[in-house]
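Dear colleague,

I am handing over a structure to you with this email, and below it you will find what I have found in it so far. Please keep the sequence and the model open while you read, so that you can follow along residue by residue.

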Amino acid sequence: MKLSVPGRVTGAAAVVVAALLTTSATADAAPARVAAAPDIPVAAVKAHLTQLQSIATANGGNRAHGRTGYKASLDYVKGKLDAAGFTTSIQQFTSSGSVGYNLIADWPGGDANQIVMAGSHLDSVTSGAGINDNGSGSAAVLETALAVSRAQYQPAKHLRFAWWGAEELGLVGSRYHVNNLSTANRAKISGYLNFDMIGSPNPGYFVYDDDPAIEKTFKDYFAGLGVATEIETEGDGRSDHAPFKSAGIPVGGLFTGASSTKSAAQAAKWGGTAGQSFDRCYHSSCDTTANINDTALDRNSDALAYAVWELSD
């Protein structure tokens with residue numbers, strides 16, 4: 001994160017026919033859902049985080065824009081998506097004198113005039129590996145995309161996933177993407193879902209309140225777990241949903257907190273430590289694989305998949 005029947009019928013046969021007619025009428029009135037969202041295994045999400053940590057360690061300790069660690073991170077994600085049957089494309093831009101990259105992955109099928117999009121920024125700051133910020137969102141979006149492939153999910157709407165570059169320099173990659181969409185193509189995006197820092201070690205459960213339908217989808221999921229949520233305010237306008245919102249596209253997302261301090265009331269509600277930041281390693285060298293709360297990462301990854309399935313069906 002940056003500073004949706006002829007003939008005679010016997011009595012027994014009549015019962016069968018009536019049952020069939022009733023079943024048909026019920027199906028016409030309330031079609032069954034195509035599929036339920038899968039559980040996203042947190043171990044798989046964490047395996048991606050381990051890979052991102054290894055990439056950072058091998059490339060000067062970070063995965064920042066313009067550094068070798070960022071491109072290696074993008075290549076890792078792209079390789080997984082290509083192998084899973086996605087159509088991937090890389091969008092290049094320039095920022096601070098360096099070439100940056102966005103990665104876009106489209107799942108075949110669905111109504112191309114109704115696109116549900118989920119995304120996260122893939123870059124870190126230069127001071128660390130950026131495993132919560134934002135390896136957590138990037139890994140969860142990746143594993144949800146891979147779950148789409150494993151299920152061979154065929155939703156009514158078209159699914160698109162994205163990983164943004166240079167978010168930490170001012171939402172550069174996502175802004176470049178949105179600014180280069182035609183008016184017609186912007187209108188095709190029925191919703192953009194953003195995931196930036198979803199595994200904070202002293203987590204809160206925050207839901208963006210930008211679009212009522214998307215917000216309700218996330219709140220319904222957490223209510224089903226018995227987990228209370230709050231409106232996200234700390235990162236409002238500071239992550240990659242902002243350019244989409246400015247372009248009139250419905251947005252939503254999840255967040256577990258950054259440098260703000262958890263209150264006593266929040267600690268009573270969610271656990272953790274009152275008087276301490278949600279993420280004490282925000283934008284620091286200690287934002288490593290040790291800087292992740294597994295429960296928060298698991299819940300938010302499952303909520304991500306739930307929203308993708310609900311909003312695309």
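Strand β1 (residues 87-95) pairs with β2 in the antiparallel sense over 9 bridges, where two strands count as paired if DSSP finds at least two bridges between them, and where strands (E, at least two residues) and helices (H or I, at least four residues) are DSSP runs numbered from the N terminus. Please bear in mind that this is a predicted model, in which local features need pLDDT of at least 70 and side-chain atom pairs count only at pLDDT 80 or more, while totals for chains, interfaces and linings use all residues. Residues are numbered from 1 along each chain as its sequence is written, and side-chain values use heavy atoms, with hydrogens and water left out.

The two strands β1 and β2 form a hairpin with 2 residues between them, and Ser96 in the turn has a positive phi of about 55°; the bridge partner of Ser95 in β2 is Ser98. Strand β2 (residues 98-107) is mostly covered, since 8 of its 10 residues are buried, where buried means under 20% relative accessible area, exposed over 50% and partly exposed in between, with a 1.4 Å probe and protein chains only. Strand β2 is also joined by 5 bridges to strand β4 (residues 157-164), again in an antiparallel arrangement, and there Ala105 has Phe161 of β4 as its bridge partner.

Turning to a helix, in α2 (residues 42-58) the residues Val45, His48, Leu49, Leu52, Gln53, Ile55 and Ala56 are buried. They lie on the same side of α2 because they cover an arc of only 160° around the axis, the arc being that of the directions from the helix axis to the C-beta atoms. On the other side of α2, Ala43, Thr57 and Ala58 are exposed. What covers the buried residues includes α3 (68-83), α4 (131-151) and α10 (294-312), and after α2 comes Gly60, whose phi is positive, near 80°.

With best wishes

Note on methods
Contact = heavy atoms within 4.5 Å.
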